[in-house]
Amino acid sequence: MGSPYDVLGIESDADDREVERAYREAVKETHPDHGGSLQEFQLVRTAYERITDDDWTENGEGAFDPDDVSVRTEPQARRVDFLNYEAVEDYGWDLEDPDLFDRAAEANLPPSDFGRVLVEPDQSLLEAAMEKGYRWPYSCRGGACANCAVAVIKGDISMPVDHILTEDLVDRGFRLSCQGTPTVDGTQVVFNVKHLPDLDDLRLPPGPFGNGSR
């Protein structure tokens, strides 16, 4: 039997941040858009899902065999939990806090600031939010500005188009919601981060391009 920790190249006692960091690196290396194979990408994703599943134990009935991981041929809709960065600022929370979403769940925030959307395979994260009636900021919707940027706290967002984010920003977990689709069910993002340092200069001004509010 193999171990999902081996797939991600980490120790079994790795903390949440180490798991997230290793997963993001593995996704970049194995994603089909970046030259990897679908089988490799599915193996990485399954390993991550096992590690983050509270009901799974390495020595239990959910033992992990990489040879048994099958490629999913049908795209799956995925849940994304979201949090408004304005609430993070108001409460003095830290984006690096591993308990950030637990704190938000206890804060009785309005549904527009803290909630969940279901992203269909043919949707971007921004489209899913707009379909639910949420007014997330955006402008060009073409991957050429940071107005729609989100910070990925858990899971990952795949971006087929990105003309604006630097490699450093992507490594730090920032994604464009107008182009991004979640690769993991239960992904967590903080939206409305467009005024953060390094992102503010990458915005387009509010105007005819889209929603510059919030």
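Residues are numbered from 1 along each chain as its sequence is written. Because the model is predicted, local features need pLDDT of at least 70 and side-chain atom pairs count only at pLDDT 80 or more, while totals for chains, interfaces and linings use all residues; side-chain values use heavy atoms, with hydrogens and water left out.

**Helix H2**

Let us begin with H2. Helices here are DSSP runs of H or I with at least four residues, strands are runs of E with at least two, and both are numbered from the N terminus. H2 covers residues 16–30, and its 15 residues should span 21 Å at 1.5 Å a residue; the end C-alpha atoms are 21 Å apart, which agrees. The expected span is 1.5 Å times one less than the number of residues.

Which residues of H2 are buried? They are Val-19, Glu-20, Ala-22, Tyr-23, Arg-24, Ala-26, Val-27 and Thr-30. Buried means under 20% relative accessible area, exposed means over 50%, and partly exposed lies in between, with a 1.4 Å probe and protein chains only.

**The sheet**

Next comes an open sheet of five strands, in the order S2-S1-S7-S3-S5 and with mixed pairing. S2 (114–119) and S5 (174–176) stand at the edges with a single partner strand each, so one side of each has no neighbour in the sheet. From one strand to the next, the twist averages 35°; axes are lines fitted to C-alpha atoms, and angles run from 0 to 180 degrees between N-to-C directions.

Two strands pair if DSSP finds at least two bridges between them. S3 (residues 149–154) and S7 (residues 187–191) do this in the antiparallel sense, over four bridges. Ala-151 stands opposite Val-190 in S7.

On a 1 Å grid over the protein atoms alone, a cavity is a set of points where a 1.4 Å probe fits but cannot get out, whereas a pocket is an open set with protein on both sides within 12 Å along at least five of seven lines; lining residues have an atom within 4 Å of a point. Grid points are joined across faces, edges and corners, and a volume is the space filled by probe spheres set on the points.

| Space | Volume | Residues given by H2 |
|---|---|---|
| Largest pocket | about 930 Å³ | seven residues |
| Largest cavity | about 40 Å³ | three residues |

The largest pocket has 30 lining residues, and Asp-16, Arg-17, Glu-20, Arg-24 and Ile-153 lie nearest its centre. H2, H5 (100–106) and S3 each supply at least two residues of that lining. The lining of the largest cavity consists of Arg-24, Glu-25, Lys-28, Val-170, Asp-171 and Arg-175. H2 and H7 (167–171) are the elements that give two or more residues to this lining.

**Two asparagines**

Asn-108, in the loop between H5 and S2, has a positive phi of about 55° although it is not a glycine. Asn-192, in the segment after S7, has a positive phi too, near 70°. Is Asn-192 buried or exposed? At 5% relative accessibility, Asn-192 counts as buried, while Asn-108 is exposed at 72%.

The side chain of Asn-192 makes polar contacts with the side chains of Asn-84 (3.1 Å) and Lys-194 (2.8 Å). A polar contact is a pair of N or O atoms within 3.5 Å; within protein, one must be able to donate a hydrogen and the other to accept it, and residues adjacent in sequence count only if both atoms are side-chain atoms.
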